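Student: Please take me through the terms used for this model, and show what each one rests on.

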Amino acid sequence: WDITVGPDVEAFKSNVRAQFPTASGTSLTKLVDDAFDISRRLDSLPTYSPELVSLWSKLKTSLSTAPRVLRLRNPSTTPAEEYLASLFPGEGLAGLRAALYMLAPIPGMPSIGLLAILGTGLRGRLYAPRGGSQVLADAFAEAARRNGAEIMCARRVVSILTEGRQVRGVSLDDRTELRAPSVVSAADAKQTCYRMLGSDRVPESYKKMLEAQPVSEPYGLISLATTLEPATFGFDATDVFVCPSNDVPRALESKEPEDCFFLLAFPQYREAGSDPTLRAIQIVVPAAYAWREHWETWPTPERGREYYALKKEWSDTIIARAQEYLPRLSSHLAEVDVATPITFYRYTLNTDGAPVGWHYSSRRRWKQRIPFLRGLYQAGHWVGPSGAVPTTRSGKWAAELVLADQAKAKSA
């Protein structure tokens with residue numbers, strides 16, 4: 001199904017009706033109205049760091065936003081699958097439900113997530129950086145350097161230095177010590193506390209909170225360089241979700257390469273001097289960290305002959321499925337790079353190779369100040385919702401917290 005979501009609402013409705021003539025016009029209008037309502041209500045909620053405002057300010061904000069928050073309770077608890085079935089029931093509209101569900105293809109996603117994305121798209125407020133996420137990262141890095149930051153690549157923090165209950169800096173893998181009264185970690189919260197800080201310095205109550213939180217579900221990433229031109233087959237650089245059936249929840253739960261869903265992405269970023277005849281394709285695939293006993297590496301994520309064989313079997317199966325939409329893909333590959341959840345763990349040290357921090361269903365919002373150690377802060381996916389905007393905002397708030405705390409310490 002090919003449904004375009006954009007600021008032309010009538011075009012969206014016409015697009016749906018053309019492919020699903022039996023869809024109720026009333027239901028379609030309700031879907032659009034609900035999406036606009038949810039998107040606008042979420043935009044109207046204030047965004048602030050609770051650690052940077054007074055208790056009185058938080059109380060006033062809570063009271064003023066209470067009516068809007070209450071209106072969001074029902075879509076926050078109603079599964080997207082149930083909501084769509086109420087609007088578009090019957091086997092004949094299973095394809096429409098599947099297509100709409102793929103706007104937020106996460107197992108058990110509440111309807112608020114689907115409606116927020118749909119509403120934001122229909123309002124023309126969905127954006128992506130030209131050139132892909134690498135361009136965004138490069139822009140942040142350049143801005144940091146312009147403001148005096150030094151970025152050290154291929155260097156690993158092995159420990160956070162402390163004296164008593166105060167941070168004193170970090171130690172790197174070459175034994176270099178960088179002294180500082182404040183440290184902000186965007187690493188996995190468990191790695192920050194257990195590996196860099198040391199489990200013996202973490203209170204038992206905090207450990208229990210860490211262990212009780214589920215992490216985001218891992219995926220695999222197959223990156224291809226091909227001589228094929230995706231546009232020849234109708235791909236216009238828009239991400240495409242491939243689902244093997246209209247039973248989207250079942251496909252989302254599967255971690256088997258033969259019947260799971262996957263995403264086809266067509267990155268436009270190009271390195272200077274790269275071969276102009278090559279095109280990039282990435283295939284994002286749900287994958288279990290413990291698939292086939294940790295990719296035949298149980299009990300530790302070590303790579304060996306069995307791992308590489310299984311990795312090839314897994315990627316070959318997915319590429320063969322992608323070939324249904326990109327004919328002759330296998331015979332036109334210049335480069336293939338495969339990352340499994342084990343790969344993500346090795347490069348990020350994230351628990352179970354978690355790609356975006358805590359699981360989306362977790363309602364806990366972690367304080368950015370580590371409560372048991374002065375001068376240690378968290379940022380990134382491990383303090384709140386994932387996504388470029390929330391994680392970027394967490395970095396800004398972490399900097400403001402550091403400045404506020406240092407000013408307070410100087411005046412004391």
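Predicted model: local features only at pLDDT ≥ 70, side-chain atom pairs only at ≥ 80, totals over all residues.

Tutor: Residues are numbered from 1 along each chain as its sequence is written, and side-chain values use heavy atoms, with hydrogens and water left out.

Student: What makes the set with Phe12 and Leu31 a nonpolar core?

Tutor: A nonpolar core is a set of buried Ala, Val, Leu, Ile, Met, Phe, Trp, Tyr and Cys residues joined through side-chain atoms within 4.5 Å; buried means under 20% relative accessible area (1.4 Å probe, protein chains only). The largest such core has 33 residues, and Phe12, Leu31, Phe88, Leu96, Leu100 and Leu115 have the most contacts inside it. Apart from it lies another core, of 26 residues, including Tyr307 and Leu329.

Student: How do you know that strand 7 pairs with strand 6?

Tutor: Strands are DSSP runs of E, at least two residues, numbered from the N terminus, and two of them pair if DSSP finds at least two bridges between them. Strand 6 (residues 240–242) and strand 7 have three bridges, in the antiparallel sense, so they count as paired. Phe241 stands opposite Leu263 in strand 7.

Student: Which residues of the second largest pocket's lining count as nonpolar, polar or charged, and how many of each?

Tutor: Ala, Val, Leu, Ile, Met, Phe, Trp, Tyr, Cys and Pro count as nonpolar, Asp, Glu, Lys and Arg as charged, and the others, Gly among them, as polar. The lining divides into eight nonpolar, four polar and six charged residues.

Definitions and conventions: Buried < 20%, exposed > 50% of the residue type's maximum accessible area, 1.4 Å probe, protein only. Helix = DSSP H or I, 4+ residues; strand = E, 2+ residues; numbered from the N terminus.
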